[in-house]
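Please look over the sequence and the model below before reading on. The report describes the fold in outline and then turns to selected residues.

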Amino acid sequence: GRGYKNGGRRAAVTAPPGMAGAGSEGVVHPYWPRDLRLPGYRVNERSVASILTFLFAVSGALLAATWLLSGRSGPPRLGLLRRLAVCWFAVCAFIHGVIEGWFSLNYRLIPGDQAFLSQLWKEYAKGDSRYVTADNFTVCMETITAWTWGPLSLWTVVAFLKNKPYRFVLQLIVSLGQLYGDVLYFYTEYQDGFSHSEVGHPLHFWFYFVFMNSLWIIIPAILILDAWLHLSRAQHAADSARPGGKSKST
């Protein structure tokens, strides 16, 4: 069975792992903890397969379009890894601005709503029920992500396609913000004893919660290092161009 954090130990939950839970209002739902109260909750009308297929199809189409577009940019032409980075920021702009933007505007309505993006969030919430309870941290974090990192991700795409001199500054800012937000996201759930999901579930815990969110730790960390190296080289070149021709620490 699943448990909660309680004085450093996990107390057993009486509800069988395969059964849905119900809050004090008697509303049956698939979320953790099992006694979670979700008045007005409505089961998704769409199947899990249709939700995930549509999401990944749209993301794949966006990736393909950005890949083709990045191949026509320049001069100078973008290399393979740089084009992949641009595709990453394009997908981030979509996920942050559209999907997370929907959450930030409709988080109180999602449990009982049947709009596609609401159903997507209800499906994801099986891996983290904070998304159907209007959890204060989650709402604040997703709102900042949607309305800050979403537009800035799109700006980063444009900056690289147009070879703007500030492109690596944007890459550093966006990646640092993503990494910071995701570390807080994981850490707050760790502090709660991973009580908002069925730990060990292959789809809900390992794929939704762990794998999907780990991308926003691994990839931004790589892009932070990449931006650091490019900006350091640029600063070194600028310092070397000063009278005297030597780079000096200031």
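This is a predicted model: local features need pLDDT of at least 70, side-chain atom pairs count only at pLDDT 80 or more; totals for chains, interfaces and linings use all residues.

Residues are numbered from 1 along each chain as its sequence is written, and side-chain values use heavy atoms, with hydrogens and water left out.

The protein has six helices and four strands, taken as DSSP runs (helices H or I, at least four residues; strands E, at least two) numbered from the N terminus, and its order along the sequence is β-β-β-β-α-α-α-α-α-α. Of the 250 residues, 44% are buried, where buried means under 20% relative accessible area, exposed over 50% and partly exposed in between, with a 1.4 Å probe and protein chains only.

A nonpolar surface patch is formed by Leu-154, Trp-155, Val-158, Tyr-166, Val-169 and Ile-173; patches take residues with over 30% relative accessible area and no salt bridge, nonpolar side chains being joined within 5 Å, and a salt bridge is a Lys or Arg side-chain nitrogen within 4 Å of an Asp or Glu carboxyl oxygen. Helix α4 (136-161) and helix α5 (167-191) each supply at least two of the patch residues, and α4 gives the most, with three.

| Residue | Relative accessibility |
|---|---|
| Trp-155 | 42% |
| Leu-203 | 27% |

Trp-155 sits in helix α4, while Leu-203 belongs to helix α6 (residues 202-240). The C-alpha atoms of Leu-203 and Gly-127 are 8.0 Å apart, although 76 residues separate the two in sequence.

Conventions: Patches are made of residues with over 30% relative accessible area and no salt bridge: like charges are joined within 9 Å, nonpolar side chains (Val, Leu, Ile, Met, Phe, Trp, Tyr) within 5 Å. Accessible areas come from the Shrake-Rupley method with a 1.4 Å probe; for residues, only the protein chains shown count as cover.
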